[in-house]
Amino acid sequence: MSYTKNSQNIYKSRYLFKRRLALLSGLISIAFLIVIGRFFYLQILKYDFYKDLSENNRIAVIPNVPNRGLILDRNGVIMADNYFVYSLEITPSKVTNLNKTIDNLKPIIELSAGDLKQFRKILKESSSLDSVPIKTHLSETEAARFAANKLRFEGVEIKSRLFRRYPKGAFASHLIGHINRINEEDKEVIKKLGWQQNYKGTDSIGKLGIEKYYEARLHGTTGFQEVEIDANGNSVRILNSTPSIEGDAITLSIDSNLQEIAENAFNKYRGALVALNPKNGEVLAFVSRPNFDPNQFVGGIDVDEWKVLNESLDKPMLNRAINGLYPPGSTVKPFVALAALENDIRKPPFNIKDPGFFTLPNSGHTYKDWKPYGHGVVDIVMAITISCDTFFYGLGIELGINKLSEFLSQFGFGKATHIDMFGENAGLLPSPEWKQKRFKQPWYLGETVITSIGQGYTLVTPMQLAEAVATLANGGLTIQPRLIQSIKNSQTGKIETFKNKTVRELHFKPENLALVKEGMMNVTQPGGTAASVGAGAPYKIAAKTGTAQVVEMKENQKYNPNRMNERHRDHALFIAYAPAEEPTIAVAIIVENGGHGGSTAGPIARKLMDYYLLKKVSSNKEENKVGPLESEYHD
Amino acid sequence: MLERLFLRLQKNIDSILMIFISSALVVGLFTLYSASGRNIILVLNQLFYIGLGFILLWITARVHPKHYEKLALPIYILGLLLLFAVMFVGQSSHGARRWLNLGAFKMQPSEIMRLAVPIAMAWYLSKRENNRHAIDYIIASLFFILPVILIINQPDLGTGLLITASGFYILFLAGLNWKFIVGAAIGLFSLAPIIWTHLHDYQKNRLLILLDPSQDPLGSGYHTIQSSIAMGSGGLIGKGWLNGTQGQLDFLPERTTDFIFAVFSEEFGLLGNLLLLGLFALIIGRSLMIASQAKNTFTRLLAANIGLTFFTYIFINIAMVSGIMPVVGVPLPLISFGGTSMTIILISFGILMSVHSHKELVGSS
């Protein structure tokens, strides 16, 4: 019985075992199917996805940042180039305790408060994977000392970085501009232009002047190196490499010698100067004073330095040549005179007997000439030469504001010159429509009176004025002014030059043009408002002086420069071209608070022209030999 | 002469199982060579343990199963004592106290328990076979619950889970009533929150990361993400031996041990995976066949348990590497680098062969 039960039990238990084992085998098969399904999902369905991930893991693309293109003057003098500096850099993601690391660095490398401030600033703007410079321009001793202690500093390394250099410092800084670290705004622009790929690894971008306008040419093409890396980011081998292509070299149209003469001539004065070759539009000198040292900006400007530049009353960051707005004053008179002649009024022998004031018909309001008792008998040539206000008051009224405004606009007044620089101001040429729109007021006749002598609403930039003078010198042909002469392709060596582009071609009666030019030529002759400027010159200079009021005079107040705050003195203006018969240089100068145009702005023009036409450098002593003539004390 | 020696040597060896095992070992050595970055020392080290394992396999295959039956309780008690010893005088590494330093070499008592637990349970349940009551299943359960608590406390969740699974297999195959099974399942579910609160933070983390590895791509999720990338980028035929970038360039963590399957999978692709899985299936199938042919309850339970535990290892490891289970730290048997694990597995196959070669002699006892 027991045996039977036992054997029955054994049989039963074996049967149960086999059944349950079969069940488990079934479960095992299901488990295997699940795993195989997973394999299929990962290795077949998601193969491309994981393959990409694996490639991304394995391959790091390291940009080869190109050398920025050079900027040269027309004679090949270097205005901007690059050099290598050693900089100490920290990659925050590789550092466990940043503050401690910096503290440990201090005994080895001298870190100023400014260095640290700059470091914190850049740190805030960059990702933790970026390498952030904590000190640039390491000395060789410092570099060696760090190298000896390198093992103590994980995530800190010495890199050799390419730095932009402006060898001439502040010289021509508004023209050349500067580069600075790429900020959020720049990133947006780069994104909008689709430049992201080319800007990988680039940390700076042109911010002003030529550096900004020709950024696309100067930057060059970034090369890339595909490197196989391991999980620690160490490169194992180079898979693929494309070299970077250096940025193109830009040759400016300015002559740095001429530029230097112009800048020095300004001395301590604020102001601007633009000199053009009227024949081809090339800018020969481009000055805005005061200026700044663009080297300060490379690698990021120090906060304090920026504060000084930005808050200075002298506004050194203002590019006066294209952004400074000034009333043209009497420099507008040659253009107004031509307007009258082309409209067949005031033709010689027409003349007036100037009593020293002009009375507006029907109102009795009087407008004074700068010369208290008048100039006597004045025709249109004389009116330019001696800058007779009274002559132009009446002329303006007869011509009317609409014709005047229309004519002046042909010379580019109130229009941007489209010079190759960003941020140009278009100036302002008033008209009744403009006034209605701007002030919701009608135009008054009195406003026509003062517009005729370049006062009132009219505002010009030195660039605009220079273009207008060049047009006049050229007999009505405006060539697009430009700041560069050529671009040299760094790869092919091919030099790209520019054809003269005609902006406008005005046709004036030659006899009218000759009258205006005669008046302007006489300005630098004895009796003219800038007689001293022309004294002793072996070539003829056609010019016009101007004065722009900074503060308005009360009707009976007498202008006395010696009793005024220096910043309230009039701006001195001067336009000129030479040689008068066949002009190759046209210039517009503004000297802020310089008083009278003939005595402060005029000599600058003379120095410029002497060098340009005679290759002669006139000294300051020479200038003093010929003192300002009586007629020059006012315009 | 040589022939006779060979015959003598292979007397208790199941040649079919042996061929499958050896094939898997060869695959493992090649994979290890690649995974270790062509470290021949590491491969020789592994080869040494394979040699040692084979000797122990040969010995255990010759031992008659009845001796295992006799030794079941003493070995189990010894193992338990060693586990307690670990608790008090064990060596810690990586925040876990798993090792016992025995002067000449270090050992993990939990590895011994992998074999000692099923042997002891099979012994107990077969002894009570003719007069089994519910209380016997409870007593049998204690055989694994006690060491599992100690092991999970070390903490070593992987081994704990494996021994638990191994205990369940024995209970289930011994004929545990379905009502108990269902009851235990419900009980376990209701205990889950309590277990959760007793898990270590890193263990909880691993479970959470499994649900969404991208949560922590550089931390705990890194393992799962990198191994998925390795497997996925292997595609159908793989990148080729020694050419897996994930493995060769250090992206895969623990790639000679727990994650070695990712290295294999990256280099040999889906086809390689299917072949290796097929090899494992053959080993499991052969083991279960041996179990079903065994003549008494003890050997039956023991043999089936060895096959099933082998499967469990493989499943947990591959599921973990391919991202369908949390990272629990279970090596891939016969492939992963590791001396203790290798010898224990080969010993377990030795026991399996002992069961097989002695089946005719057991029946009448």
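The model is predicted, and local features need pLDDT of at least 70, side-chain atom pairs count only at pLDDT 80 or more, while totals for chains, interfaces and linings use all residues. Residues are numbered from 1 along each chain as its sequence is written, and chains are lettered from A and ligands numbered from 1 in the order in which they are written.

**Contact between the chains**

Chain A contributes 34 residues and chain B 37 residues to the contact, where two residues are in contact if their C-beta atoms, placed from the backbone, lie within 7 Å. On the side of chain A, helix 1 (2-45) and helix 2 (47-58) are the elements that give two or more residues; helices (H or I, at least four residues) and strands (E, at least two) are DSSP runs, numbered from the N terminus. Helix 1 of chain A gives the most, with 21 residues.

**Helix pair in chain A**

The axes of helix 13 (residues 333-342) and helix 16 (residues 401-410) of chain A come within 10 Å and cross at roughly 115°. Axes are lines fitted to C-alpha atoms, for helices over the stretch in contact, and angles run from 0 to 180 degrees between N-to-C directions. From helix 13 of chain A, Phe335(A), Val336(A) and Ala339(A) meet Lys403(A), Leu404(A), Phe407(A) and Leu408(A) of helix 16 of chain A.

**Sheet in chain A**

An open antiparallel sheet of five strands in chain A has the order 12-11-23-22-21; two strands pair if DSSP finds at least two bridges between them. Its edge strands are strand 12 (283-289) and strand 21 (542-548) of chain A, and the twist averages 5° from one strand to the next. Strand 11 (residues 271-276) of chain A is joined to strand 12 of chain A by six bridges, and Ala275(A) lies opposite Ala285(A). Helix 19 (residues 462-473) of chain A packs on the sheet, touching strand 11, strand 22 (571-578) and strand 23 (585-591) of chain A.

**Chain B**

Chain B contains 15 helices and three strands. Of its 365 residues, 48% are buried, that is, 20 or more other C-beta atoms lie within 10 Å of their own, with C-beta atoms placed from the backbone.

Methods:
A residue is buried if 20 or more other C-beta atoms lie within 10 Å of its own, exposed if 12 or fewer, and partly exposed in between; C-beta atoms are placed from the backbone.
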